Amino acid sequence: MSTVTKPGSLSTAGQQQRGRPPLDGVDRERILGATTAVFLENGFERASTNEIARRAQTSKQTLYALFPTKADLFVGVMSAHTEELFSRHLDYIASGKAPSAALTEIGERTLNMFSAPTFLALYRILVAEAHRFPDLARQMWSVCIERGYGLLAEYLKSRRIGGPAYRKSAAQFVSFVLGDFVVNAMLNPDLELSEAALRARVRRAVRDFLYLHPVRPPRKKG
């Protein structure tokens, strides 16, 4: 099994890729759980697809059909976290929540994801391996990071927050929320963020972001 994908063949989250058969909930949890455990124990380069298939109690043929490369497997376990974050995108657009309330919820969910021990451990592996496996990093950027910015930009545009460069505003909001937390957490495995500290951090981020990116008034007709 190849460990990288070719540029131009990057996966797109939320779609069935390369003829992959759909996974039911039990199969998905079992395969992604086994994949996560093997990557956390061995890192990306030394992770064995044979071991993943054994722990997932599935054949390598089935594993190949679902995830043609080891990079696809890694992105699969990471995107399981990010897709949970993205899943309420349309709800935010359709809801009548004030922008401050919606952005606070988005910010808390984002920071909760990045501070979760499993996600953070996988993120450390990605950063450590990115220079040796650049296509893995490119795939992660496309499926997780760029997708997240795009969805957030759609929400900001729907509320006329910031803009007209809504994609740039989305990236800035994430930067406001995460700040130096990721760098600190990468270098200090013992760092913990209490629920109160998390909420306070997000409140400040939303306040500062909306101060610099105020809601623009609707355009006058005619």
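Among contacts in the protein between residues at least 6 apart in sequence, what percentage join residues at least 24 apart? The figure is 74%. Keep in mind that this is a predicted model.

Let's start with the overall picture. The protein has eleven helices and zero strands, so reading the elements from the N terminus on gives you α-α-α-α-α-α-α-α-α-α-α. Of its 222 residues, 41% count as buried.

Here are the helices we'll look at.

| Helix | Residues |
|---|---|
| H4 | residues 70–86 |
| H6 | residues 99–115 |
| H7 | residues 117–129 |

Now for H4. This helix has 17 residues, and at 1.5 Å a residue they should span 24 Å. H4 isn't straight all the way, though: at Ser79 it bends by about 35°. And is H4 enclosed or open? Because 13 of its 17 residues are buried, H4 is largely enclosed by the rest of the structure.

Next up, a pair of helices. Two packed helices are described by the angle between their axes and the distance between those axes. For H6 and H7, the angle is about 65° and the axes lie 5 Å apart. That makes H6 roughly perpendicular to H7. On the H6 side, the contact is made by Met113, Phe114 and Ser115; H7 brings Pro117, Phe119, Leu120 and Tyr123. Sorted by class, this contact has six nonpolar residues, one polar residue and no charged ones.

Terms used
Residues are numbered from 1 along each chain as its sequence is written. This is a predicted model: local features need pLDDT of at least 70, side-chain atom pairs count only at pLDDT 80 or more; totals for chains, interfaces and linings use all residues. Side-chain values use heavy atoms; hydrogens and water are left out. Axes are lines fitted to C-alpha atoms, for helices over the stretch in contact, and angles run from 0 to 180 degrees between N-to-C directions. Helices (H or I, at least four residues) and strands (E, at least two) are DSSP runs, numbered from the N terminus. Angles under 35 degrees count as roughly parallel, over 145 as roughly antiparallel, 65 to 115 as roughly perpendicular and the rest as oblique. Contact means heavy atoms within 4.5 Å. Ala, Val, Leu, Ile, Met, Phe, Trp, Tyr, Cys and Pro count as nonpolar, Asp, Glu, Lys and Arg as charged, and the others, Gly among them, as polar. The expected span of a helix is 1.5 Å times one less than its number of residues. The bend at a residue is the angle between axes fitted to the seven residues ending there and the seven starting there. Buried means under 20% relative accessible area, exposed over 50%, partly exposed in between (1.4 Å probe, protein chains only).
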